[in-house]
Amino acid sequence: MSVPYDERLWTKHEDPIADSLERLPHLQLREYPERLEAFWALFEDVQLDGVAVCPNLRMPARDGVGLGCDIYVPARSGLPLPGPWPVVLERTPYGKDRAGQVMTARHLVKSGYAVIIQDVRGRYASEGQFYAFGDEGLDGYDTIAWIQSQPWCNGKVGTMGISYAGATQTAAAATNPPGLAAQIVTQGPFNYHTGSMRQGGCLEQRFYAYAFRMAKESREAMADAGLRSALEASFEDVESWLLRAPIRPGATPLARIPSYEAWVKDLYTHGSFDEYWQRPGYTVEPFLDNHADAPTIFLGSWYDSYARNTCDSFVELSKRKKGPFKLIMGPWLHGKVNTEVSGDVGFGSHAVLGFDTLHKRWYDAVLKGDDDGILSEPPVKIFVMGGGSGRKRLDGHLDHGGRWRFENEWPPARSVNTPFYIHAGGRLSVDPPAIDPEAVEARTVYAFDPERPVPTIGGCLSAADDIMPPGGFDQTAHLGMLGAEDELPLAARADVLVFQTDVLERDVEVTGPIHVKLYVSSDAVDTDFTAKLIDVYPPNPDYPLGYALNIQDGIQRMRYREDRSREVFMTPGDVYEVTISLYPTSNLFVAGHKIRLDISSSNFPRFDVNPNTGDPLGQHRRYRVAENTVWHAQGRASHVVLPIVPA
């Protein structure tokens with residue numbers, strides 16, 4: 001099901017649709033005026049608002065598979081205008097006629113663009129078999145090359161889209177297609193293995209739930225009412241399937257759609273950064289040198305599952321290409337950039353982004369040469385969270401507040417990486433520990449039971465909002481959460497180690513990537529360690545017990561502590577240094593608050609739970625309790641490195 005990356009397809013294929021022209025001759029228009037006239041006749045739905053639409057036209061990929069497109073062009077007096085126009089493309093698995101993307105398309109068409117929205121292979125109006133993310137490099141190349149060759153295109157193609165439609169953009173850009181001239185990648189990937197699908201060797205299980213969601217909307221389900229009903233029922237009970245993870249091939253409803261089941265199995269079993277991951281669609285990292293050099297905005301958010309990917313894309317491409325490239329990071333959730341609320345937290349109406357306005361400004365500047373000043377703005381724009389009243393707003397959300405700020409680079413050059421050390425008794429301080437490594441208080445030992453994992457409470461999540469609500473929340477469990485056994489703070493669990501500063505005497509801004517360096521040991525050959533950064537609010541009349549707001553978190557599987565590409569198991573009892581990389585953030589810890597670091601070994605159901613046995617990933621059937629140790633002594637000074645921006 002998963003075809004390895006084949007360099008020959010990318011570097012030596014000069015005409016991506018030459019073999020398909022005879023199958024769909026009406027699509028190759030430049031050399032055949034009579035076909036062009038027939039093409040314009042395909043347009044219907046010519047609106048009074050100046051938009052003409054050609055629905056359900058199938059563009060041929062190189063293997064002859066037809067990819068369904070809706071084409072929007074400017075119109076006047078009931079007729080489509082021939083252009084040529086700069087063209088903006090979105091490739092999506094969620095249906096090309098969704099209201100939000102159609103509104104954005106019409107907004108751009110009225111501003112003088114042609115827009116194409118395409119269903120990806122195997123979804124809705126497109127032929128072929130859907131294997132999530134696997135074909136987006138080749139299909140994206142073919143689509144952009146075809147658009148660029150059309151007489152109604154002026155030779156410049158831009159791309160847009162959120163989430164999966166961000167992944168289709170990065171996959172295409174990795175192949176450097178002709179005509180690609182601009183992108184706005186909203187919450188899209190850089191490397192799925194190091195963020196969003198996997199992190200520190202652990203699987204983000206939201207994609208198991210995502211597979212159930214996609215299956216019930218699949219072409220196979222649409223063609224079989226009984227199958228669709230069964231898949232919809234399974235999606236409603238996806239929590240039970242997560243409790244039975246990992247996937248047992250043939251034992252889930254996904255077996256009725258083999259490519260969907262195979263994809264989930266591959267995600268669980270490919271823990272190493274192997275050939276499976278090293279192809280466009282899953283990563284652009286190996287292809288940076290040949291990557292398209294197109295002006296791009298990377299648009300993301302601190303509570304988004306693509307937060308690290310968005311920042312990494314900007315940093316790595318800025319090193320190698322001319323761009324220009326811009327990074328915008330807001331406080332939003334995944335797919336919700338036009339809101340100012342993330343989970344239980346509000347940031348103020350000024351946090352809302354003008355999504356359509358941003359698209360028009362960028363495309364006008366880089367596709368038309370009509371710059372209103374956006375190109376001269378500093379390349380980085382971030383929302384610094386925090387600084388609000390800390391009270392409960394009328395809508396019930398915590399007033400966390402924040403403000404926008406421009407920066408000249410990411411991370412900010414003036415930030416100072418400052419270690420905060422963990423100490424016996426739960427203290428977090430800039431002072432390193434002075435405890436002798438042989439002393440009893442030099443370490444904290446806890447039992448990690450994989451059958452009683454720490455429940456997920458917020459964070460950088462998507463695709464499974466009903467099961468794992470994303471965003472910022474007080475770190476207290478409730479019985480509606482998957483895996484919750486009580487309604488007590490996570491800090492009350494014996495397997496959650498809590499370290500926090502004294503009450504801050506002044507504001508402390510943390511902006512940039514965050515790394516936790518631990519010295520650990522275990523009686524198991526493999527286990528996980530997690531870290532979570534928390535902004536601790538003092539009590540007030542609305543929150544009489546205070547409020548522990550999650551800012552960022554991360555995880556590391558010990559078998560991948562040395563190398564993401566190969567497994568290296570532990571020797572029980574030996575002490576290892578390990579780094580947990582949290583997603584980047586920007587947060588103001590206000591005077592009167594505390595900075596808190598929680599250490600544990602699970603975060604379920606966000607991440608798959610380590611069985612502590614060393615068995616092959618995604619195939620284990622045994623579990624054991626691990627006795628894990630975190631060290632905080634001289635020579636073994638575990639700490640978190642916070643990028644602090646001077647006041």
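**Backbone, core, pockets and cavities**

Modeller: P84 is found in the loop between β3 (79-80) and β4 (85-92), where helices (H or I, at least four residues) and strands (E, at least two) are DSSP runs numbered from the N terminus. This is a predicted model, in which local features need pLDDT of at least 70 and side-chain atom pairs pLDDT 80 or more, whereas totals for chains, interfaces and linings use all residues. Residues are numbered from 1 along each chain as its sequence is written, and side-chain values use heavy atoms, with hydrogens and water left out.

Colleague: Is the peptide bond that joins G83 and P84 cis or trans, and what is its omega?

Modeller: Most peptide bonds are trans. The bond between G83 and P84 is cis, with an omega of about 10 degrees.

Colleague: Which residue forms a cis peptide bond with A245?

Modeller: The residue in question is placed in the loop between α9 (238-243) and α10 (258-269). Omega is near 5 degrees for this cis bond, which runs from A245 to P246.

Colleague: What is the phi of F133, and is this residue buried or exposed?

Modeller: Most residues other than glycine have a negative phi. F133, in the loop between β5 (114-119) and α4 (136-148), has a positive phi of about 70 degrees although it is not a glycine. Buried means under 20% relative accessible area, exposed over 50% and partly exposed in between (1.4 Å probe, protein chains only). With a relative accessible area of 1%, F133 is buried.

Colleague: Which residues touch the most other members of the largest nonpolar core?

Modeller: A nonpolar core is a set of buried Ala, Val, Leu, Ile, Met, Phe, Trp, Tyr and Cys residues joined through side-chain atoms within 4.5 Å. The largest share of this core, eight residues, comes from α6 (206-216). Among the 110 residues of the core, those that touch the most other members are F133 and W263.

Colleague: Which element gives the most to the lining of the largest pocket?

Modeller: On a 1 Å grid over the protein atoms alone, a cavity is a set of points where a 1.4 Å probe fits but cannot get out, a pocket is an open set with protein on both sides within 12 Å along at least five of seven lines, and lining residues have an atom within 4 Å of a point. The largest pocket has a volume of about 1,000 Å³, a volume being the space filled by probe spheres on points joined across faces, edges and corners. Of its 42 lining residues, R98, R213, H334, G335 and K336 are closest to the centre. The element that gives the most, with five residues, is α6.

Colleague: How do the residues that line the largest pocket divide by class?

Modeller: Ala, Val, Leu, Ile, Met, Phe, Trp, Tyr, Cys and Pro count as nonpolar, Asp, Glu, Lys and Arg as charged, and the others, Gly among them, as polar. The lining divides into 21 nonpolar, 10 polar and 11 charged.

Colleague: How much space lies in the largest cavity?

Modeller: There are five cavities of 30 Å³ or more. The lining of the largest has seven nonpolar, five polar and three charged residues. The space in this cavity is about 140 Å³.

Colleague: How many charged residues line the second largest cavity?

Modeller: About 60 Å³ of space lies in this cavity. Its lining includes T170, F190, H291 and L317. By class, the residues are seven nonpolar, five polar and no charged.
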